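Welcome! Please have a look at the sequence and the model first.

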Amino acid sequence: MANAIEVSNVTMRFNMSKERVDSIKEFLIKKVKRQLRFEEFLALKDVSLNVEQGDVYGLVGLNGSGKSTLLKVISGILKPTKGTAKTYGTISPLIELGAGFDMDLTARENIFLNGSVLGYSHAQMREKFDEIVEFSELQDFIDVAVKNFSSGMVARLGFAIATITKPDILIVDEILSVGDFLFQQKCEARIQDLMSGGTTVLMVSHSIEQIERLCRHVMWLDHGTIRMAGEMEPVCEAYKAFRK
Amino acid sequence: MKERIQTMFRYRFLLQDLTMRDLRVKYRRSVLGMLWSILNPLLMMVVITTVFQHVLKVAGSKEITDFAIFYLTGSLIYNFISESTGGALNSIVQYSSLIKKVYIPKYIFPLEKCMFAFVNLLFSLIALVIMFIIRQTPIHWTIVLFPIPLLYAFIFSVGLGLILATLNVFFRDVGHLYSVWLTAWMYATPIIYDIGNFSNPALIFVMKLNPLYHYITYFREVAVIGRVPGLEANLICLLSGLVFLVIGLLLFKKFQDRFILYI
Ligand SMILES: Nc1ncnc2c1ncn2[C@@H]1O[C@H](COP(=O)(O)OP(=O)(O)O)[C@@H](O)[C@H]1O
Ligand SMILES: [Mg+2]
């Protein structure tokens with residue numbers, strides 16, 4: 001089977017500058033004094049990952065272990081300091097639900113705006129409009145400004161928009177922990193739907209049970225390095241034992 | 001290359017949506033809404049004309065003796081440049097939350113600010129038409145060429161906008177400096193006065209280094225005077241714009257991957 005995601009030897013370095021240097025004066029002073037040494041911080045160290053087409057791959061690890069960073073590198077939001085990340089096919093990143101929303105606009109306006117943020121045309125969005133409204137159960141709030149929504153409502157709308165067309169690759173970052181139980185079930189069903197349609201899924205979840213339920217392969221990240229990767233069961237067992 | 005054009009095509013709706021949203025935000029809760037794009041330059045013109053023509057006795061130029069029209073044609077172009085580049089300068093920082101969470105080609109943001117300012121410019125041209133009618137200014141056929149200087153100014157503004165947007169990500173002082181620069185630039189551009197009043201050749205030479213001077217002159221020639229600018233004027237306008245565009249694109253491309261670490 002061909003790969004949908006190929007990450008090779010990715011290192012991601014952040015400058016943890018204690019003081020932000022964002023004025024020219026500071027920059028010049030520090031440059032002269034040779035104080036421009038940022039405290040460098042490696043959020044990912046030489047991480048490689050191949051995900052086959054149609055696979056459902058989970059990422060686990062403690063907070064700050066670099067899961068979101070890896071997802072952002074794969075989505076193209078972050079450019080890795082070293083190494084490469086390639087994806088094959090259309091990609092729908094759910095890094096943060098409602099990221100493209102303008103809180104001052106109504107749900108209806110945001111559906112179109114968010115659609116174009118994701119690269120969909122207005123015609124495509126018009127076609128899917130009813131489906132989005134139905135899935136997010138926001139029929140009565142469609143002309144209400146999104147700033148008046150609860151976080152669960154925002155998440156519902158964001159998820160409905162992002163999964164409206166079947167992407168080749170779906171990237172999911174802990175979003176399934178927002179919203180109520182019913183919505184989580186609905187999202188899971190939607191993801192399973194996409195999976196059976198051949199979409200490759202790469203997901204991060206708080207809930208190890210969810211990972212066990214959905215994923216075939218799992219990678220365990222620890223302080224930016226791969227602690228363990230492979231078939232779901234052994235990795236999850238090891239991770240659970242570690243957490244205890 | 002082909003891929004790049006496809007991506008650009010794919011994101012044209014985003015460009016359109018963001019422009020529309022900026023328009024909506026700009027005129028939100030104002031009774032007259034878009035009319036302000038027309039009223040604002042007209043009211044400014046009344047103020048400036050009162051002060052400069054009637055109090056200080058400044059005339060227009062030899063060829064455009066109507067000071068109000070002389071001022072309005074210059075100020076419309078200047079306002080476009082200042083609005084577009086000022087917006088582009090802040091655009092990356094303004095859209096930082098989006099840039100951190102979704103993948104979007106980043107040049108969309110400065111480009112969108114220039115498009116937004118351009119739409120405003122097109123609306124405010126109605127102000128000029130109104131003045132033509134009030135003053136019964138003779139209309140020449142060359143007026144149909146008005147999009148040409150506007151296009152030159154647009155190319156220039158995108159280039160300068162990309163440069164400013166890049167610099168501002170790393171050094172926020174650029175924003176403060178630029179607002180001072182805009183004021184200086186306004187006085188250094190023949191908007192209120194005519195360059196023909198000067199006799200010092202060195203001064204005239206320096207003033208002509210300002211690309212804005214050429215766009216405004218071009219615009220005045222086709223819209224008011226009724227003359228088609230020659231090859232030299234066209235080359236100066238086109239090349240000055242392209243030089244800025246190329247520098248802007250190269251600079252932006254070189255640093256865009258690092259933006260996210262500074263916003
Ligand atoms: N833009 C950034 N600048 C500096 N440090 C960052 C940035 N983004 C993430 N980090 C750091 O990288 C580490 C990994 O973060 P993240 O990938 O969000 O972890 P996880 O999602 O596994 O909880 C954290 O220590 C975080 O502080
Ligand atoms: Mg995270």
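How close do the axes of α6(B) and α7(B) come, and at what angle do they cross? They come within 9 Å and cross at roughly 145°. This is a predicted model, in which local features need pLDDT of at least 70 and side-chain atom pairs count only at pLDDT 80 or more, while totals for chains, interfaces and linings use all residues. Residues are numbered from 1 along each chain as its sequence is written, chains are lettered from A and ligands numbered from 1 in the order in which they are written, and side-chain values use heavy atoms, with hydrogens and water left out.

**Helix pairs**

- Helices (H or I, at least four residues) and strands (E, at least two) are DSSP runs, numbered from the N terminus.
- Axes are lines fitted to C-alpha atoms, for helices over the stretch in contact, with angles from 0 to 180 degrees between N-to-C directions.
- The crossing of α6(B) and α7(B) is right-handed; a crossing is right-handed if the near helix is turned clockwise from the far one by less than a right angle, and left-handed if anticlockwise.
- Among the residues that meet here are B:Pro110, B:Leu111 and B:Phe118 in α6(B), and B:Leu150, B:Phe154 and B:Ala165 in α7(B).
- Another pair links the two chains: the axes of helix α3 (residues 107-117) of chain A and helix α2 (residues 12-26) of chain B come within 8 Å and cross at roughly 140°.
- That angle makes α3(A) oblique to α2(B) (under 35 degrees counts as roughly parallel, over 145 as roughly antiparallel, 65 to 115 as roughly perpendicular and the rest as oblique).
- α3(A) passes α2(B) in a left-handed crossing, and the contact (heavy atoms within 4.5 Å) includes A:Phe112 and A:Leu113 from α3(A) and B:Phe13 and B:Arg21 from α2(B).

**Nonpolar cores**

- A nonpolar core is a set of buried Ala, Val, Leu, Ile, Met, Phe, Trp, Tyr and Cys residues joined through side-chain atoms within 4.5 Å.
- The largest one has 124 residues, and those with the most contacts inside it are A:Ile111, A:Leu157, A:Phe159, B:Ile92 and B:Ile104.
- Helix α4 (residues 67-94) of chain B gives the most to this core, with 13 residues.
- Domain 1 and domain 2 of chain A both give residues to this core, so it lies between them.
- A second, separate core of 25 residues includes A:Val7, A:Leu59, A:Leu70 and A:Leu221.
- Not counting residues up to four places away in sequence, B:Ile92 touches several residues, including B:Ile99, B:Phe109, B:Val169 and B:Phe252.

**Domains of chain A**

- The assignment, which is automatic or from a database, gives domain 1 (3-90 + 167-243) and domain 2 (100-155).
- Taken over C-alpha atoms, 27 Å separate the centres of these two domains.
- Five residues from domain 1 and six residues from domain 2 take part in their contact.

**Residues to look up**

- Buried means under 20% relative accessible area, exposed over 50%, and partly exposed in between (1.4 Å probe, protein chains only).
- B:Thr142 sits in the loop between α6 (108-135) and α7 (147-170) of chain B, and its 1% relative accessibility makes it buried.
- Most residues other than glycine have a negative phi.
- B:Gln136, in the loop between α6 and α7 of chain B, has a positive phi of about 50° and is exposed, at 68%.
- A:Asn9, in strand β1 (residues 3-15) of chain A, has a positive phi near 50° and is partly exposed, at 41%.
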